[in-house]
Amino acid sequence: EIRNFMAKLFSRTATNGLVKRVKKIIFKVDDSTRTSGVEQITQAVFNCSKTKTGVLIVIEQEAELTHYGLSGEVIDAEINSRLIENIFFKNTPLHDGAMIISKDRIMAAGCILPVSNRTDIPKHLGLRHRAGLGMTEKTDALVVIVSEETGRVSCMHQGGLKLNVNKEYLTSFLTTGSIN
């Protein structure tokens with residue numbers, strides 16, 4: 001019964017923000033930590049955008065991402081823009097995979113994600129975008145991507161894609177978890 005309760009509690013279909021409230025209580029995550037994490041991610045993403053450094057960041061929501069995190073190198077570090085930029089720096093061992101953020105910490109980097117098989121994805125988008133979309137099709141995660149070719153920033157959630165976003169949009173997306 002406890003296992004069934006926990007499965008329902010942490011399922012994707014949980015409503016009214018119950019899961020987020022319970023996670024705040026259990027993991028003692030406060031809004032000031034989230035704001036700081038949002039600022040650090042935004043800063044790193046737009047610094048990488050300027051240098052056309054490819055980035056793929058997956059942010060856990062209600063669905064647990066531990067399985068995906070274990071496909072890469074476990075880091076368990078505070079969210080820090082310089083660390084994010086360092087991980088995605090070209091030709092470093094972890095730059096090609098995804099970074100997973102869970103419970104307001106960098107869980108892992110160099111992670112392998114499922115790839116979307118959708119045929120309506122614009123041809124100019126590459127594997128990084130397909131992996132990001134694949135992740136949003138399988139989980140409720142938020143995904144942020146910087147294109148290595150153009151430096152443009154994209155956001156993804158629940159199979160939706162918003163291309164070429166600015167800092168204000170990214171901050172709003174990371175705070176609300178919604179693509180408008």
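Reader: Is Thr42 buried or exposed?

Author: Buried means under 20% relative accessible area, exposed over 50%, partly exposed in between (1.4 Å probe, protein chains only). Thr42 has 7% relative accessibility, so it counts as buried. This is a predicted model: local features need pLDDT of at least 70, side-chain atom pairs count only at pLDDT 80 or more, and totals for chains, interfaces and linings use all residues. Residues are numbered from 1 along each chain as its sequence is written, and side-chain values use heavy atoms, with hydrogens and water left out.

Reader: Where does Thr42 lie, and which residues is Thr42 in contact with, leaving aside neighbours within four places in sequence?

Author: Helices (H or I, at least four residues) and strands (E, at least two) are DSSP runs, numbered from the N terminus. Thr42 lies in helix H3, residues 31–50. Contact means heavy atoms within 4.5 Å. Beyond its neighbours within four places in sequence, Thr42 is in contact with Lys167, Leu170, Thr171 and Leu174.

Reader: Why does His67 count as exposed?

Author: His67 counts as exposed because its relative accessibility is 63%. His67 lies in helix H4, residues 66–69.

Reader: How do I read the faces of a helix?

Author: An α-helix has 3.6 residues a turn, so residues three or four places apart point the same way. Now take H5, residues 81–88: its buried residues are Ser81, Ile84, Ile87 and Phe88. Seen down the axis, they fall within an arc of 130 degrees (directions from the helix axis to the C-beta atoms), so they line one face of H5. The face turned away from that buried side carries the exposed residues Arg82 and Asn86.

Reader: What volume does the second largest pocket have?

Author: On a 1 Å grid over the protein atoms alone, a pocket is an open set of points where a 1.4 Å probe fits, with protein on both sides within 12 Å along at least five of seven lines; lining residues have an atom within 4 Å of a point. A volume is the space filled by probe spheres set on the points. Here it is about 300 Å³. Of the 18 lining residues, the closest to the centre are Leu56, Asp96, Leu127, Arg128 and Ala131.

Reader: Which helix gives the largest share of that lining?

Author: Helix H6, residues 127–138, with 4 residues.
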